[in-house]
Amino acid sequence: VDADFPITSQSVTLPVELTSFSVENSDGGFRLIWNVMDEVNVLGYEVQKSLNGKSFEPIEFIHATQNNLEAKQYSFVDENTGPENAFYRLRIVDTDGSEELSGVVKAVASVPQDFQLANPYPNPFNNGTRIEYQLPQAGEINLSIFNTNGQFIKTLSQDYVSSPGHYYAQWDGTNDFGTAVSTGMYMVVLRAEGFRQVKKVIYTK
């Protein structure tokens with residue numbers, strides 16, 4: 001966790017007190033946590049992200065609890081992360097359109113200690129499933145789908161990865177030709193630098 005950036009605001013003062021804003025590593029990415037008090041006429045919190053600490057883009061909007069005078073905690077997990085660090089800030093929006101920005105917090109990507117292929121999620125699936133994996137070092141990787149007879153179905157990723165870190169791929173239930181596969185069980189296979197791991201996934205229509 002790296003939250004050395006101070007909490008700052010623009011000249012507009014909104015009827016809410018942002019008491020803390022931090023970021024931590026989570027199993028699924030980076031978890032943002034912020035605490036507020038005296039939420040009066042606050043519409044919500046736009047989460048903004050940057051990879052260089054300068055150019056920010058909105059990635060999520062969290063609606064506020066209207067007219068809450070008690071302490072309140074919000075959280076959001078950014079699952080779209082890679083091996084690089086990331087910067088986050090909040091755009092706090094009032095119901096009358098007024099807004100202000102929080103300070104910036106920096107999320108430091110953790111380096112995995114070993115190779116690992118996570119269970120696909122959702123599983124079973126019909127529209128698409130997310131397949132996460134982690135690499136402790138740079139090197140060639142291959143992430144592919146096979147049927148239960150060992151026949152090749154589709155390559156999801158085949159590349160030289162230059163940095164260790166956490167990665168993911170999506171499978172939409174099609175083969176390498178873009179044709180939907182049959183309902184049933186399939187094998188997700190990760191190969192990397194002498195490592196091999198298999199996970200089962202079920203596709204339904």
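How many bridges pair strand β11 with β12, and in which sense? Strand β11 (residues 139-147) and β12 pair in the antiparallel sense over 8 bridges. This is a predicted model, in which local features need pLDDT of at least 70 and side-chain atom pairs count only at pLDDT 80 or more, while totals for chains, interfaces and linings use all residues. Residues are numbered from 1 along each chain as its sequence is written, and side-chain values use heavy atoms, with hydrogens and water left out.

Terms for strands and pairing

- Strands are DSSP runs of E with at least two residues, and helices are runs of H or I with at least four residues; both are numbered from the N terminus.
- Two strands pair if DSSP finds at least two bridges between them.
- Strands of a sheet pair through backbone hydrogen bonds, either parallel or antiparallel.

The sheet of 4 strands

- The open sheet that holds β11 has the order β12-β11-β14-β15, with antiparallel pairing.
- β12 (152-161) and β15 (195-203) are its edge strands, each pairing on one side only.
- From one strand to the next the twist averages 15°, where axes are lines fitted to C-alpha atoms (for helices over the stretch in contact) and angles run from 0 to 180 degrees between N-to-C directions.

- β9 pairs with β10 (residues 129-135) over 2 bridges, in the antiparallel sense, and L117 stands opposite Y133 in β10.
- β10 and β13 run antiparallel and are joined by 7 bridges; the bridge partner of L135 in β13 is G165.
- β10 is mostly covered, with 6 of its 7 residues buried; buried means under 20% relative accessible area, exposed over 50%, and partly exposed in between (1.4 Å probe, protein chains only).

Backbone geometry in loops

- Most residues other than glycine have a negative phi, and most peptide bonds are trans.
- The peptide bond from Y121 to P122 is cis, with omega near -5°, and P122 lies in the loop between β9 and β10.
- P124 is in the loop between β9 and β10, and the bond from N123 to P124 is cis, with omega near 5°.
- D38 has a positive phi, near 55°, and is found in the loop between β2 (29-37) and β3 (42-50); D38 is partly exposed, at 34% relative accessible area.
- N41 is placed in the loop between β2 and β3, has a positive phi near 55°, and counts as partly exposed at 36% relative accessibility.
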